[in-house]
Amino acid sequence: MKHLRSVNRKAQRIENDVVALQGPPQQPAAAPHIPLGCSLVFSPGWEADRNGGTAGLCQPVERDLFDCHTGCFWPAQVPDQLNHAPDWTAKCAAAQKDWRKIDLVFP
Amino acid sequence: MSELALREFHSFQAGGKDFVYLVPSAAVFELDEASSAVIGRLRERSMSRSDLARQLSALFPADEVRETVSELMRARAIGEVGVPEEPAPKQMPPENFPLTTMVLNVTNQCNLSCTYCYEYGEDKIVDTENGKKSKFMSEETARESVDFMLRESGQNRLAHLTFFGGETLMNFPVLKFAMRYARERAAELGKEVDFSLTTNATLLRPEIIEFLAENRVGVTISIDGPKEMQDEFRVFKNGSGSYDIVAPKIRELLKRHRSRPIGARVTLTSRTLDIRKIYKHLTEEIGFWEVGFAPVTTSPDRKYAIANEGFDSMLGQFQALANDFLEAALENRHHGFSNVKDTIEEIHKGVSKAYPCGAGLGLMGVSTDGDVALCHRFAGSDAHKLGTVRDGIDRLVQIDFLEKHHIADKTDCSKCWARPLCSGGCYHEAYTRYGETARPNLHYCEWIRGWTDTCLKIYAELSVRNPKYLEQFDEKVEYEASSVS
């Protein structure tokens with residue numbers, strides 16, 4: 001603060017809070033891009049992903065598949081990667097590009 | 001547009017600068033010219049931001065006024081009219097608050113008959129006569145008390161055990177026993193115990209002095225000053241004064257006991273109100289390291305009670321002695337006026353109290369028969385009992401007490417800027433004056449505000465002229481039990 005000098009410890013604590021409020025808002029650390037979209041998270045229509053990105057939009061097929069596969073608690077129509085099909089997505093490095101290479105798995 | 005108005009604070013000047021003491025946060029801020037000017041204008045009347053900028057336009061650019069207003073608002077020194085101030089929450093202390101200090105009344109007996117004594121004098125609250133309470137604590141009760149203290153100290157590594165009376169040293173055997181037992185038990189539990197006592201010094205025999213020095217027992221001596229003042233009230237049963245008996249013994253103690261600083265504790269009355277003289281005598285002529293003063297606790301009609309004019313005169317003298325303290329502190333010299341030092345330490349830490357003291361919370365008094373009370377001054381009083389050392393603290397009684405004595409419920413204090421430090425004042429004083437522990441001590445409000453203002457000025461001046469001096473209060477992490485009086 002410029003116009004008030006904090007003298008005792010309590011004033012110092014107030015100043016720390018005030019300075020934190022005055023500064024530019026803290027940017028959240030860049031998070032990895034994880035396409036998500038299900039009832040668990042708020043993503044109405046997928047206009048943007050949770051980081052505000054638009055890279056993975058409008059790809060409903062792979063999105064459905066991967067969302068149900070990775071993030072959903074519901075028993076989905078995707079292979080059980082944990083037990084029966086660990087390599088199910090091994091050839092699919094990027095869903096947007098490689099979704100055709102995803103294996104077919106029969107129960 | 002909404003108007004701005006001042007919020008709650010006390011403003012004062014020190015070292016040629018303007019300061020504010022914010023309430024209830026207890027923060028101290030130094031103001032620059034712009035913030036001083038903003039507060040000055042708002043003191044005249046509330047006004048909008050644009051009016052404020054216009055009025056100050058000759059002195060400060062509008063941007064600077066805006067910035068200043070924003071800072072003052074964030075520190076809550078000013079606020080918008082109509083926006084209610086957020087009330088300070090009534091925050092209760094956590095349950096099972098650890099006991100930091102136990103005051104053990106090892107005896108109710110005293111070999112002096114000080115006229116003003118709160119324990120034996122006209123305003124006593126415990127019937128110490130007639131065999132109602134045992135006069136001496138037994139070893140058994142002392143042991144149970146130590147167990148109680150260690151049990152209630154919770155996670156704290158250090159516990160403070162203070163011996164009190166009556167005249168504490170009249171039960172020296174039990175004191176010695178309690179210390180030995182406390183050391184043993186604490187060692188088994190991986191804890192430490194710090195010992196101190198208050199005494200009238202009449203029984204300081206060489207072997208006792210030796211014991212106190214060897215065991216690093218903190219000693220506080222109750223003494224009222226030079227002979228004529230000491231002998232006014234601190235008398236034996238036959239009326240003869242005690243000065244000539246105690247002075248040589250105290251000198252002996254001060255010579256031998258160098259392991260802890262030894263303090264004097266002075267009771268001020270209407271007839272012994274020469275503070276500088278008392279201080280000079282006790283420090284320079286007797287050799288005490290510190291002197292603490294407290295006005296006598298009494299109902300108002302006693303002839304030794306300090307009345308309004310007395311409080312005014314006392315404040316003037318306190319201020320004079322406080323200035324001596326300031327001069328010493330500016331040169332990093334020691335000055336033993338402990339009332340100032342204690343207060344500026346609280347100011348430095350930004351203490352904002354929910355309760356005036358730790359009684360019934362971190363401090364409790366134990367009577368000779370093992371009853372646990374709010375503090376030593378209530379020890380033995382059935383009306384202020386919190387439990388016993390055998391059965392522990394009755395938590396419901398304790399919580400009820402803490403509920404009723406919280407500063408949030410002291411309506412009289414709700415508009416007072418000194419409440420972060422005073423919080424209504426001593427329960428025992430209130431009980432003696434008004435018959436009720438929860439009453440704020442309205443008879444000395446002016447004095448408290450005057451004294452707090454004095455200490456704020458000293459603190460602020462030190463922050464300008466010798467900020468290094470204040471660093472000592474940063475280092476003090478663990479609360480040290482001060483003298484019990």
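**View 1. Strands S1 and S5 of chain B are paired in a predicted model.** Strand S1 (residues 3-6) of chain B runs antiparallel to S5(B), and two bridges join them; strands are DSSP runs of E with at least two residues, helices are runs of H or I with at least four, and both are numbered from the N terminus. B:Leu4 stands opposite B:Met47 in S5(B). Strands count as paired if DSSP finds at least two bridges between them. Because the model is predicted, local features need pLDDT of at least 70 and side-chain atom pairs pLDDT 80 or more, whereas totals for chains, interfaces and linings use all residues. Residues are numbered from 1 along each chain as its sequence is written, while chains are lettered from A and ligands numbered from 1 in the order in which they are written.

**View 2. An open sheet of chain B has the strand order S5-S1-S6.** The pairing of these three strands is antiparallel. Strand S5 (47-48) and strand S6 (78-80) of chain B form the edges, each pairing on one side only.

**View 3. Chain A meets chain B.** The contact (C-beta atoms, placed from the backbone, within 7 Å) takes 14 residues from chain A and 21 residues from chain B. On the chain A side, strand S1 (4-6) and helix H1 (9-22) each supply at least two residues, and H1(A) gives the most, with six residues.

**View 4. S1(A) pairs with a strand of chain B.** Three bridges join S1(A) to strand S4 (residues 28-31) of chain B, and the two run antiparallel. The bridge partner of A:Arg5 in S4(B) is B:Glu30.

Note on methods. Two residues are in contact if their C-beta atoms, placed from the backbone, lie within 7 Å.
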